[in-house]
Protein chains: 4
Amino acid sequence: MAPKQKICLAYSGGLDTSCILKYLLEAQYTVVCFLANVGQEEDWEAVREKAIKIGAEKLIVRDLRKEFIEELCFRAVQCNAQYEGRYLLGTSLARPVIARAQVQVAKEEGCEIWREPEFFGRFQGRNDLLDYAEKMGIPVTSTKAKPYSMDDNIAHCSYESGQLEDVSRPPPDGMWTRTDDPLTAPNTPQEITVRFEKGLPVKVSSEGKEWTDSLDLFSALNAIGKKHGIGRIDIVENRFIGIKSRGCYDSPAMTILRWAHLDLEGLVLDGRVRSLRDQFVTHTWTEILYNGLYFSPEREFVENSLLFSQQRVNGEVKIRLYKGNCDIMGRSSETEKLYDESESSMDVLNFDPVDTTGFIHINAIRLKKYGLAKLEEGNDLAKA
Amino acid sequence: MAPKQKICLAYSGGLDTSCILKYLLEAQYTVVCFLANVGQEEDWEAVREKAIKIGAEKLIVRDLRKEFIEELCFRAVQCNAQYEGRYLLGTSLARPVIARAQVQVAKEEGCEIWREPEFFGRFQGRNDLLDYAEKMGIPVTSTKAKPYSMDDNIAHCSYESGQLEDVSRPPPDGMWTRTDDPLTAPNTPQEITVRFEKGLPVKVSSEGKEWTDSLDLFSALNAIGKKHGIGRIDIVENRFIGIKSRGCYDSPAMTILRWAHLDLEGLVLDGRVRSLRDQFVTHTWTEILYNGLYFSPEREFVENSLLFSQQRVNGEVKIRLYKGNCDIMGRSSETEKLYDESESSMDVLNFDPVDTTGFIHINAIRLKKYGLAKLEEGNDLAKA
Amino acid sequence: MAPKQKICLAYSGGLDTSCILKYLLEAQYTVVCFLANVGQEEDWEAVREKAIKIGAEKLIVRDLRKEFIEELCFRAVQCNAQYEGRYLLGTSLARPVIARAQVQVAKEEGCEIWREPEFFGRFQGRNDLLDYAEKMGIPVTSTKAKPYSMDDNIAHCSYESGQLEDVSRPPPDGMWTRTDDPLTAPNTPQEITVRFEKGLPVKVSSEGKEWTDSLDLFSALNAIGKKHGIGRIDIVENRFIGIKSRGCYDSPAMTILRWAHLDLEGLVLDGRVRSLRDQFVTHTWTEILYNGLYFSPEREFVENSLLFSQQRVNGEVKIRLYKGNCDIMGRSSETEKLYDESESSMDVLNFDPVDTTGFIHINAIRLKKYGLAKLEEGNDLAKA
Amino acid sequence: MAPKQKICLAYSGGLDTSCILKYLLEAQYTVVCFLANVGQEEDWEAVREKAIKIGAEKLIVRDLRKEFIEELCFRAVQCNAQYEGRYLLGTSLARPVIARAQVQVAKEEGCEIWREPEFFGRFQGRNDLLDYAEKMGIPVTSTKAKPYSMDDNIAHCSYESGQLEDVSRPPPDGMWTRTDDPLTAPNTPQEITVRFEKGLPVKVSSEGKEWTDSLDLFSALNAIGKKHGIGRIDIVENRFIGIKSRGCYDSPAMTILRWAHLDLEGLVLDGRVRSLRDQFVTHTWTEILYNGLYFSPEREFVENSLLFSQQRVNGEVKIRLYKGNCDIMGRSSETEKLYDESESSMDVLNFDPVDTTGFIHINAIRLKKYGLAKLEEGNDLAKA
């Protein structure tokens with residue numbers, strides 16, 4: 001093992017990392033704490049004070065919100081990413097920017113990154129940590145009775161374990177922090193318009209206001225979505241390591257952006273490209289991110305393809321928010337012309353019906369032969 | 001061409017098929033009309049009278065609702081089928097059962113199926129049809145001013161063309177027929193429970209009532225879902241023939257069942273099987289159905305795989321319906337044990353953290369090498 | 001229909017296009033003939049004379065060999081493209097460059113492209129064409145007794161129909177034109193070395209000679225491969241329109257290049273990227289090309305991904321040719337370092353076996369649970 | 001850790017397992033050795049004597065050749081499995097039957113399976129093992145100078161590491177054991193016929209002899225293929241754990257069977273089913289097996305799909321073997337009718353060319369619109 005020196009510890013101020021900090025100090029390390037600002041609710045000064053009080057050399061905070069939104073969250077929007085049909089990846093998206101920043105900080109401070117086998121055997125779960133914290137005089141806010149764990153960033157808040165492990169029951173009242181209850185949300189809907197360029201959100205407007213900066217528009221969508229109860233998810237999901245776990249997530253901005261983007265693609269993206277992108281890029285990118293493989297050649301490979309697909313995703317989408325609903329009120333694009341109003345009309349014929357007959361006949365060559373083969377075997381396709 | 005004799009015409013009572021019927025009679029065919037009951041809103045007697053009045057030999061109605069639900073709609077539920085992320089395939093699902101029944105009827109009645117090239121040149125759109133109908137004294141209910149076309153069955157109602165061709169605007173007030181407006185839906189949520197066996201809905205219960213027959217439970221879900229405004233979709237979609245068109249659909253029962261099934265799979269389906277099923281079976285089955293290729297070897301191939309995946313999809317899901325929202329309130333399975341409450345707990349360690357270190361190290365062998373190669377080229381992964 | 005004026009006819013000098021040329025002239029069109037040089041065996045002057053003699057205004061020949069090789073054949077090599085596991089796409093690759101050039105020529109000459117429905121009814125197969133040719137005094141080289149049809153370009157020669165329709169028998173003696181018989185090929189093997197940059201062949205060397213120009217190296221590989229009987233394929237394949245047909249193809253250069261490229265990728269391409277590329281890009285690009293959809297957004301989408309994957313495919317491969325065999329004799333790369341000699345050694349341990357235990361344990365969490373579920377149902381995995 | 005008692009050790013008689021056996025005995029375990037007969041070249045009695053001499057309680061040998069061939073090798077043939085385009089999986093296919101049998105033996109003998117962390121630290125590679133063997137008096141056949149390692153079974157022999165780690169050079173002379181050198185193989189080709197039912201080889205015949213038993217026909221193909229130098233592969237492949245390694249394999253029977261099966265599928269399998277099977281089932285099954293995940297739900301899921309695809313793979317294929325070449329000489333099926341000789345003829349038109357025009361026109365709707373969009377942007381598709 002390398003000589004014990006200066007270590008860069010990702011520090012949240014919570015039970016786990018406070019115990020780790022103390023444990024490292026006891027083991028004679030010098031510890032620089034690192035705290036990423038990815039938009040979580042946090043009393044930054046309180047965390048700093050706690051770190052210093054326990055004995056850290058310093059706490060370095062980095063504001064990663066814009067790179068988190070622009071490089072990760074917006075990429076997920078371009079991808080329509082949804083893990084297992086629902087989860088919008090909030091936690092998975094934050095990790096790469098946090099990890100990258102921690103490596104930078106460690107380099108700048110002359111530290112090592114840290115992952116310590118001995119620590120694993122030292123603490124066998126939350127109760128051991130609580131006992132250690134009590135013994136060492138580490139102030140804790142969570143207690144043994146805490147009903148579930150939370151993790152938040154600007155993309156979402158996640159709720160896991162504790163009470164939530166009983167998957168047959170809904171989350172407890174008052175759990176959700178990023179969304180108001182749809183049952184008590186305003187009776188009046190609110191319309192917003194989202195504009196995309198190359199699949200990236202570049203403007204949000206609603207009720208006379210307008211946001212164009214990435215952080216501003218994302219924050220505005222979070223605030224508006226919160227009010228209307230948009231984006232609650234309760235899912236039993238499959239973890240990379242092969243276990244199932246239940247996660248609850250509320251992610252207003254991501255929900256609205258994903259839905260708007262999905263709709264715009266219907267208008268502007270070629271059908272075959274979309275189908276290939278959905279099946280290969282969206283599915284694969286989502287799993288890569290969920291499994292923590294952001295810094296991999298396969299992520300770069302798939303993301304290159306994603307970006308190529310977004311070249312024509314230009315236009316805007318109107319959305320109505322109302323008590324948990326996110327409904328499309330119209331979409332348009334000044335530059336993309338794949339949708340042709342006259343063409344989809346039934347009042348005027350836009351192609352020769354003889355062509356459709358030919359199309360059907362040629363497509364049927366194979367199917368007829370197959371149907372005949374089945375018939376010869378006694379399987380009449382005309383029987384239920 | 002074959003001698004002109006007896007023809008089996010799929011007849012709806014609407015403008016198109018009434019004109020075709022008249023046209024065929026003028027061309028000296030004997031015509032047997034066929035009308036499939038797939039749960040559409042219909043005045044069956046009025047259609048019969050109209051057909052007879054125009055000159056059909058008879059109108060044969062077949063009630064296909066149960067086979068439609070059990071063989072097609074439930075298959076789509078097992079598949080979590082959603083075309084281009086949203087459309088639940090209501091029209092596509094009905095066509096195979098209609099086509100199959102029409103072939104049966106044609107056989108029984110000694111008729112030919114019919115598709116006539118000359119007819120294509122005769123009528124160049126809706127207005128030509130209206131002129132012909134007027135000239136021939138065919139009573140029409142739709143007029144030149146009709147704002148959009150509709151097609152319904154027990155799975156949904158679809159709305160297309162006309163006013164809807166302007167995709168930048170929401171559907172007109174009062175268009176939706178299968179769902180009440182979420183804005184005026186009841187203020188009190190309603191809970192329902194759906195039980196699945198091998199991925200098939202076998203029982204629905206709500207507020208002390210219970211439905212087990214497939215047609216009953218599907219109808220009950222439609223009624224309950226309608227009341228709570230569940231299942232409206234407005235989408236610009238890509239047609240098989242390569243044009244984009246806008247479709248609006250309301251499909252309450254399908255929406256609820258798909259959502260419940262998706263959730264249950266989270267609890268009971270192995271993660272890798274699910275991922276493979278999602279990427280290959282769900283995507284492919286959905287496209288096959290949308291493209292009208294039900295009677296194909298590829299549909300049989302993919303469906304075989306779908307059914308295999310459903311063997312363990314047993315359990316029930318509680319759902320709360322409220323003003324357009326369809327929220328999971330819990331899920332459970334007496335027989336499937338892949339989810340393990342203790343295992344996902346953070347209070348007790350269920351596997352050796354040293355194992356996770358090994359897992360991470362081995363997964364990192366490839367990534368480290370890649371990161372080093374990038375670094376040598378001057379691309380430091382630790383830079384944003 | 002547009003006024004009958006000047007038409008650009010793709011003219012080969014063969015039976016079909018000579019009859020079409022005559023037929024068009026009789027229908028009062030002015031005809032400019034176009035002949036693409038994609039490397040086929042051809043007496044160019046004889047074709048020109050025949051066209052002029054029948055009555056064409058002129059014959060325009062374009063040498064497309066380099067763009068054919070560089071833009072299409074090399075792309076297929078980068079892709080390791082093989083339709084249905086065997087066919088190297090020779091004909092499919094040539095069509096896009098021919099079509100593109102014909103459109104250019106038609107524009108330059110003020111012509112229309114041409115495809116005439118009436119012609120379809122006029123001739124019902126080869127015998128009708130032969131009768132017409134005889135009547136019109138068109139000289140024909142093929143006769144009613146011709147045993148199969150051929151189509152060649154620099155990538156391959158294809159042989160189809162006629163005698164070959166009996167798929168239970170091997171091709172007739174003496175059919176192959178691009179490859180000598182492996183049974184009588186030299187008894188002495190020949191080694192060649194192929195160097196790739198970004199997946200593109202940039203140098204071929206053998207027996208003291210060296211070729212770097214794309215056309216030169218491709219031609220050299222054809223000549224060397226011919227001598228050693230490399231690249232014969234006999235396959236029953238599935239056509240886009242849904243029928244099966246038998247094709248025989250000999251394509252020496254393409255066979256050697258594909259094999260060399262495939263091998264080099266083993267050395268330099270990341271495993272996950274390769275797996276994704278194989279499953280999605282290679283499979284899809286190959287089908288797109290085979291189905292004639294080169295000028296499509298999906299081809300551009302997939303090809304963008306292909307090119308990205310080739311950035312690190314740099315190095316060289318030694319191959320030994322011998323009586324139909326194409327065997328790898330070694331590969332190397334000066335720039336790519338993913339393969340590490342020491343790492344794959346069994347004499348020294350390069351990673352901690354405890355890590356592999358952890359890797360195995362974590363991967364087994366899911367499998368154990370599954371095995372237990374099966375056991376409870378009475379299916380012991382330890383039984384055959 | 002569980003009490004040290006009776007252990008079932010997979011024992012090969014080689015250096016590694018002999019040292020492990022001794023090491024276990026020294027650690028006071030009782031050891032039952034297990035040796036699977038999967039068709040490897042082996043002096044069974046010598047292995048037994050060595051095990052007993054070192055101190056094993058007994059050596060249990062199980063003949064697994066038929067289940068290996070029928071359940072694993074033939075499944076790979078049905079799948080046309082080839083890892084990374086070349087490797088026929090010989091080693092990967094053997095492991096599941098060996099593991100299953102070892103578990104059975106361990107149960108029968110009241111043993112535990114065994115994998116010991118302490119052992120990892122004890123020996124740091126081959127040289128440590130050799131030193132230990134010498135010290136303990138364990139007779140070894142391999143020496144420090146051994147140029148590569150080998151592992152064989154009835155499917156193949158694999159050669160790895162040592163000299164082979166230099167991937168720029170061909171394997172050493174005389175390395176291959178399962179195939180004679182193509183350069184000195186007979187000058188006279190040999191024809192064989194393979195008959196398949198549901199994709200499974202059921203009969204092989206050649207030169208008046210015939211084999212129908214699975215083990216017999218597989219052994220016959222190995223013998224015939226050996227003589228003609230069929231099935232050598234030299235590949236740099238990507239391991240599950242993320243490293244690249246070079247493997248050489250010779251597998252005559254597997255090569256011939258795969259090639260014959262691939263060809264027959266061209267004749268009898270629907271094109272769309274084949275494409276889906278190739279992309280999803282073949283690719284996925286191959287990776288699952290290579291990665292050692294045979295006893296997994298995903299293998300069962302994918303294999304179910306594979307078996308469904310094979311229902312119509314009935315017929316026979318003639319193959320000519322000659323100096324490393326495996327050439328198709330014809331194929332036929334009495335029961336499957338998808339190939340239609342008349343249909344693929346060019347002498348008679350079998351479908352209306354007007355239909356193909358319609359097919360082309362409809363397929364072009366989307367492409368035209370795309371081409372126009374590109375043109376408007378200044379990208380003329382008619383330019384190279």
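Mentor: Contact here means heavy atoms within 4.5 Å. Keep in mind, too, that this is a predicted model.

Trainee: Happy to start there. With that cut-off, how many residues of chain D and of chain C take part in their contact?

Mentor: Chain D brings 100 residues and chain C brings 100 residues. For the extent of an interface, look at the buried area as well: between chain D and chain C it is about 8500 Å², with carbon and sulfur atoms giving 55% of it.

Trainee: And the charged pairs? How many salt bridges does the rule find across the interface of chain D and chain C?

Mentor: The rule finds eight salt bridges there. If you count polar contacts instead, chain D and chain C have 30 residue pairs, both residues being at pLDDT 80 or more.

Trainee: Which helix of chain D gives the most to the side that touches chain C?

Mentor: That is helix α11 of chain D, residues 353-376, with eleven residues. Sorted by class, the side of chain D that touches chain C has 40 nonpolar, 25 polar and 35 charged residues.

Trainee: Let me try the other partner. How many residues of chain D are in contact with chain A?

Mentor: There, 26 residues of chain D meet 26 residues of chain A. The area buried between these two chains is about 2200 Å², and carbon and sulfur atoms give 59% of it. On the chain D side, D:R312, D:I362 and D:K369 lose the most area to chain A, together 26% of what that side buries.

Trainee: Now single residues. Why does D:E160 count as buried?

Mentor: The cut-off for buried is under 20% relative accessible area. D:E160 counts as buried because its relative accessibility is 13%. This residue is in strand β5 of chain D, residues 157-160, and its side chain makes a polar contact of 2.7 Å with that of D:R239.

Trainee: Is B:N37 buried or exposed?

Mentor: B:N37 is at 11% relative accessibility, so it counts as buried. You can find B:N37 in strand β2 of chain B, residues 30-37. Leaving out residues up to four places away in sequence, B:N37 touches B:W44, B:V61, B:R62, B:D63, B:L64 and B:R65.

Trainee: One last feature, a helix. How far does helix α1 of chain C reach from its first C-alpha to its last?

Mentor: Helix α1 of chain C, residues 15-26, has twelve residues and reaches 17 Å, close to the 16 Å expected at 1.5 Å a residue. Then check its cover: nine of the twelve residues of α1(C) are buried, among them C:C19, C:Y23 and C:L25. Beyond the helix, look at C:Q28, which follows α1(C) and has a positive phi near 75°.

Technical notes:
Residues are numbered from 1 along each chain as its sequence is written. Chains are lettered from A and ligands numbered from 1 in the order in which they are written. This is a predicted model: local features need pLDDT of at least 70, side-chain atom pairs count only at pLDDT 80 or more; totals for chains, interfaces and linings use all residues. Side-chain values use heavy atoms; hydrogens and water are left out. Helices (H or I, at least four residues) and strands (E, at least two) are DSSP runs, numbered from the N terminus. Buried means under 20% relative accessible area, exposed over 50%, partly exposed in between (1.4 Å probe, protein chains only). A polar contact is a pair of N or O atoms within 3.5 Å; within protein, one must be able to donate a hydrogen and the other to accept it, and residues adjacent in sequence count only if both atoms are side-chain atoms. Buried area is the accessible area (1.4 Å probe) that two parts lose on being put together, summed over both. A salt bridge is a side-chain nitrogen of Lys or Arg within 4 Å of a carboxyl oxygen of Asp or Glu. Ala, Val, Leu, Ile, Met, Phe, Trp, Tyr, Cys and Pro count as nonpolar, Asp, Glu, Lys and Arg as charged, and the others, Gly among them, as polar. The expected span of a helix is 1.5 Å times one less than its number of residues.
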